[in-house]
Amino acid sequence: MKFPISVTLNGRPYRREVEPRQLLVHLIRDLGGVTGTKIGCDTSQCGACTVLLDGVAIKSCTALAVQADGTSITTIEGLAGDGQLHPLQEAFWNKHGLQCGYCTPGMILAAHELLRTNPQPSDDQIRHGLEGNMCRCTGYQNIIRAVREAAAAMRRKG
Amino acid sequence: MYAPEFDYYRAGSVSEAAGLLRKYPGSKLLAGGQSLIPLLKLRLAAPVAVIDIGRIRDLKGITVKGGTIRVGAMTTHAELAASSELAEQCHALAQAAAGIGDPAVRNRGTIGGNVAHADPASDLPAVLVALEAKLTVEGPDGKRTLDAGGFFQGMMTTALKEHEILTAIEIPAHSKGQGSAYAKFAHPASRYAVIGVAAVVTTSGGKCSAARVAIGGMVPRPVRAASVERVLAGQELSAENIAKAAGQVTESLGNEVLGDIFASEQYRRSVAPVWVKRGLTQAAERAR
């Protein structure tokens, strides 16, 4: 069985016939050559596959492509606009909030979710807000610094 | 990981979903997918068809009417955790929902899916048992209402019949002098409950007129700790009395305490009173 779906990925519309068992993360990576979304643990623990579905963070390894029918998906590639890095990307760069970089796309989108629901988090709230995302290089200190800086920058921008 | 092949049907209403369940024997309902999709990927479940109830609007939302809180089965954990009504009138449920998995999981996972899955390490079953919630299920023979206490029958086993769908959960809002809390010994990686304690305390004239305590995580299905409730009833809610009552929990746990590589049966039995004490202490503070 194939099921017809339409999704918007980073602003571009797509129509596909998908197998019901296809995972959202595979659809995203196969659609338009955007492979920033990573498959890490594949068991919804590590957060490397985090994307925004209609603006809300989810783990795309634990969603079916058919469930995303009619939605707008944002991946790390869709976060920057008009050639300008998103304040979170800017802050992860400035604070070196990464080591190997594999967790970074998911980490930034999880941080995006945190700041959407809590624009002025304490360090403790940042740590809790990112608890579904793992950095196996253990580079957490700079990630916390980056999210703190991005939060301040986003508040300044309004 | 790839799930086995299955057919996919999207239901627009509860009656349509019930019809599809009957038409395709051996199919599974898909709500938020945070329990079912992992099972499919691990090939622990291989349904012929998956029936998606995620777009049925009637199944979503929290409403409060006449002292009863009605939560639609497709309400997400994030929505439960963010509800100011729940935080005030049914604190334990909001508190437990806020501690499930992580934010991205809470954005997808639903109360109905969680409860129908009936994982012993899950948080909400014990909370609903302590709150004396009523569960509405709909099926070919119409609607029926089940007590949370009777709904959970064993590990991953509920009173739901083959073609029935859990549609809503009704909880009595806290009355004056009543408070509730959920205390969880969370597994450090998965955040699942190693021990979960849901407590509801009712106070009157500075004393505990009634207490309800339900334990999850360490038992195949949530159990009421009658031995704790009995000792606390009629007593002052002092730290000493709470500790004395909490110490009686082992008596209510039965013979089927779970153990695993992280926490043995004996260890869980030993620390359970500590978590009961924490749950009761928090509930007592909120009851004042």
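Tutor: In chain A, helix α2 (residues 87-94) packs against helix α5 (residues 140-157) at an angle of about 140°, their axes lying 8 Å apart; helices here are DSSP runs of H or I with at least four residues, numbered from the N terminus, and axes are lines fitted to C-alpha atoms over the stretch in contact, with angles running from 0 to 180 degrees between N-to-C directions. That angle makes α2(A) oblique to α5(A), because angles under 35 degrees count as roughly parallel, over 145 as roughly antiparallel, 65 to 115 as roughly perpendicular and the rest as oblique. The crossing of the two is right-handed, a term used if the near helix is turned clockwise from the far one by less than a right angle. On the α2(A) side, A:Pro87, A:Leu88, A:Ala91, A:Phe92 and A:Asn94 take part, and they meet residues of α5(A) including A:Ile143, A:Val147, A:Glu149, A:Met154 and A:Lys157, where contact means heavy atoms within 4.5 Å. Sorted by class, this contact has 10 nonpolar, 1 polar and 2 charged residues, with Ala, Val, Leu, Ile, Met, Phe, Trp, Tyr, Cys and Pro counted as nonpolar, Asp, Glu, Lys and Arg as charged, and the others, Gly among them, as polar.

For comparison, in chain B helix α5 (residues 91-98) is mostly covered, as 6 of its 8 residues are buried, that is, under 20% relative accessible area with a 1.4 Å probe and protein chains only. The buried ones are B:His91, B:Ala92, B:Leu93, B:Ala94, B:Ala96 and B:Ala97.

This is a predicted model, in which local features need pLDDT of at least 70, side-chain atom pairs count only at pLDDT 80 or more, and totals for chains, interfaces and linings use all residues. Residues are numbered from 1 along each chain as its sequence is written, chains are lettered from A and ligands numbered from 1 in the order in which they are written, and side-chain values use heavy atoms, leaving out hydrogens and water.

Definitions and conventions:
Buried < 20%, exposed > 50% of the residue type's maximum accessible area, 1.4 Å probe, protein only.
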